[in-house]
Amino acid sequence: MGLLYGLIAVGLALIFGLMDVTNFAHGEFLMIAMYLSFFLFAFFAIDPLLSAPLVAAALFVFGAVIYLLIVRFAMRAKANAGMVQIFTTFGLAIVMRGLAQFFFTPDYRSIPQSWLGGKTVSIAGIFLPEPQLFGALVSILAFAGLYFFIHRTDFGRALEATREDPGAVALVGIDKNRVFAFGWGLGAALVGLAGAIMASFFYIYPDVGASFALIAYVTVALGGFGSVFGAFAGGIIVGLVEATTALVLPPSLKSVGIYAVYLLVVFIRPRGLFGSI
Amino acid sequence: MDKEFAARRRRDLIIAAVLAAIAAATPLFVKDVVVQNILILTLMYAGLSQSWNILSGYCGQISLGHALYFGLGAYTTELLFTKFGVLPWFGMLAGGVVSALIAMGLGYPFFRLRGHYFVIATIVIAEIGLLLFHNWEWAGAAMGITIPIRGDSWLKFQFLRTKLPYFYFALVLCCLAWFVTWWLENSKWGFWWRAVKDNPDAAESLGVDVFNSKMGAAAVSAFLVAVGGSFYAQFVSYIDPESVMGFQFSLLMALPAVLGGIGTLWGPVLGAAILIPLTELTRFKFGGSGRGVDLIVYGTLIVLISLALPRGLLSLFSRPKKTGAAR
């Protein structure tokens, strides 16, 4: 489960952590991705596993468009930029939830049969549900990919440079909007991947994103803003803490453990575990 | 300059008195219960947002966890009332004091954090509070508390046949929050807060007690919000964790101030006067379908206003020449 949180958080780590843009609509991106893979399954009988790349591609376009249409302007604000970003993306989240309710109705949906759903695998006597296992695998790959991308490619460097000083990168010929639109697309595509995998074993409803979004923020902040590896470590810690809390406290309190650990970590290290900003 | 400032403050006070008088007279003309309801909520959110503004606007410590204090106010009042028979008026004070103390207790570790780390910590602590109340059997857990109906009485602050007492209390609350802000704006604290907001390091080096000024702002802010929470509990006469401590309250307190003009005296009032009727009307007009049209309209408005007026609606009134210096 921790690696799944990691997978949801990895997209946010890129948008929120690396580009330093507050995105309160991250959970709604996840919700859209889950619906998308649900409908691909319902109408074309495409298994969520196969549709994952499609969903990711669609979310890439969606994320980039959202950036170009809305977020770009929110970042231009000279006064209280932080609040403007918070409330613009929050408004966006409400609209997306409303649209989902309007078109998809508030009913709970699920994908009854998929290649992974409901099956378990036994490794050394421990039974693990397949979807989670697969999610964990994808999550590790996604983190490795993003890490490589940020630290080893020109684009990754351009992205970090743009966050540091948009004015200076403009001087050396980097188009800020292109870099950030691509970053947003990539962040959305990653959460699209998470959504497609989760669609095969989670209920899908318009508010589903909200419950995961806060944990994703905590994961990113726990690991520290600006660090891909931090978000990965954050995801694992969150998963472990949740599992341990569920053992000692009633299940409805399992998130309390996660939150408490976040508070504890930032009190000791005010910039998260591996944060650089 | 000083004379101009004093004149502005006197003018603000007069405008506030006139507005309060007009507001106090409205129930004479407005008899419709639905409209009265909207007015009460507007006044309540204006007061809440004004209180939020003290910590987040003036002192610059953006909190998205004020629902915690709202809920604590509501729960303290109602637990004292239903379990020990303590009158809501005392419960209200108790709730305020409890919240202020908790705010200061939390402030001790929290105020070391900056930026996103602080904001997320405030969200998280409110969420912890929500989950704990959800699982606290003695406090009604997820079922919440239904306030026993004992008929109209000022003593128990409970009215079934009329909404007017609630209206006047909300008005008093709103005026109180405004007046506290007005008074603090010109005090040592007010100047310290603005210095802390603009540049904490520079403020510290000039002898401003950064830590204690944040603590002061947090305590005042939490106290007033908790009183608002007590009022709300009496007003709706039923509370459960979700309905008084949910994340949406934290946002609903922040929104009017942000839309009106964060860190300004009039921003929260203006923001609430526009936003809350708008919220209620969209819910009233489109909400019945259950298909989320109200959410779409409401969300779109928030996006548009925050994009179009990053400084808030108040910036429309200020002369362009002064926007740079006067804030």
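Trainee: Where does G299(B) sit, and what makes that place a helix?
Mentor: G299(B) has its place in helix α13 (residues 293-308) of chain B, and a helix is a DSSP run of H or I with at least four residues, whereas a strand is a run of E with at least two, both being numbered from the N terminus. Residues are numbered from 1 along each chain as its sequence is written, while chains are lettered from A and ligands numbered from 1 in the order in which they are written. This is a predicted model, in which local features need pLDDT of at least 70 and side-chain atom pairs count only at pLDDT 80 or more, although totals for chains, interfaces and linings use all residues.

Trainee: How many residues of the two chains are in contact, and which element of chain A gives the largest share of its side?
Mentor: In total, 39 residues of chain A are in contact with 33 residues of chain B. On the side of chain A, two or more residues come from each of α3 (48-76), α4 (81-104), α9 (208-223) and α11 (254-268), and the largest share, 15 residues, comes from α4(A).

Trainee: How do you know whether the length of α2(A) agrees or disagrees with that of a helix?
Mentor: The expected span is 1.5 Å times one less than the number of residues. For the 19 residues of α2(A) that gives 27 Å, and the end C-alpha atoms are 27 Å apart, so the two agree. Because 15 of those 19 residues are buried, α2(A) is also largely enclosed by the rest of the structure, and the helix is followed by A45(A), whose phi is positive, near 55°.

Trainee: What does the same test give for α11(A), and what covers its buried residues?
Mentor: The 15 residues of α11(A) should span 21 Å and the end C-alpha atoms are 22 Å apart, which agrees. Its buried residues include I258(A), Y259(A) and Y262(A), and what covers the buried residues includes α9 and α10 (228-248) of chain A together with α5 (115-134) of chain B.

Trainee: What makes a group of residues a nonpolar core, and which have the most contacts inside the largest one?
Mentor: Such a core is a set of buried Ala, Val, Leu, Ile, Met, Phe, Trp, Tyr and Cys residues joined through C-beta atoms within 7 Å. The largest has 198 residues, and L193(A), V218(A) and Y262(A) have the most contacts inside it. V218(A) touches residues of both chains, among them Y262(A), I120(B) and V124(B).

Trainee: Where in chain A is confidence lowest, and where is it highest?
Mentor: Confidence is given by pLDDT, the predictor's value for each residue from 0 to 100. It is lowest in strand β1 (residues 120-123), at a mean of 57, and highest in helix α2 (residues 26-44), at 84. The mean for chain A is 78, and 89% of its residues reach 70 or more.

Methods: Two residues are in contact if their C-beta atoms, placed from the backbone, lie within 7 Å. A residue is buried if 20 or more other C-beta atoms lie within 10 Å of its own, exposed if 12 or fewer, and partly exposed in between; C-beta atoms are placed from the backbone. Lists of a residue's contacts leave out its neighbours within four places in sequence.
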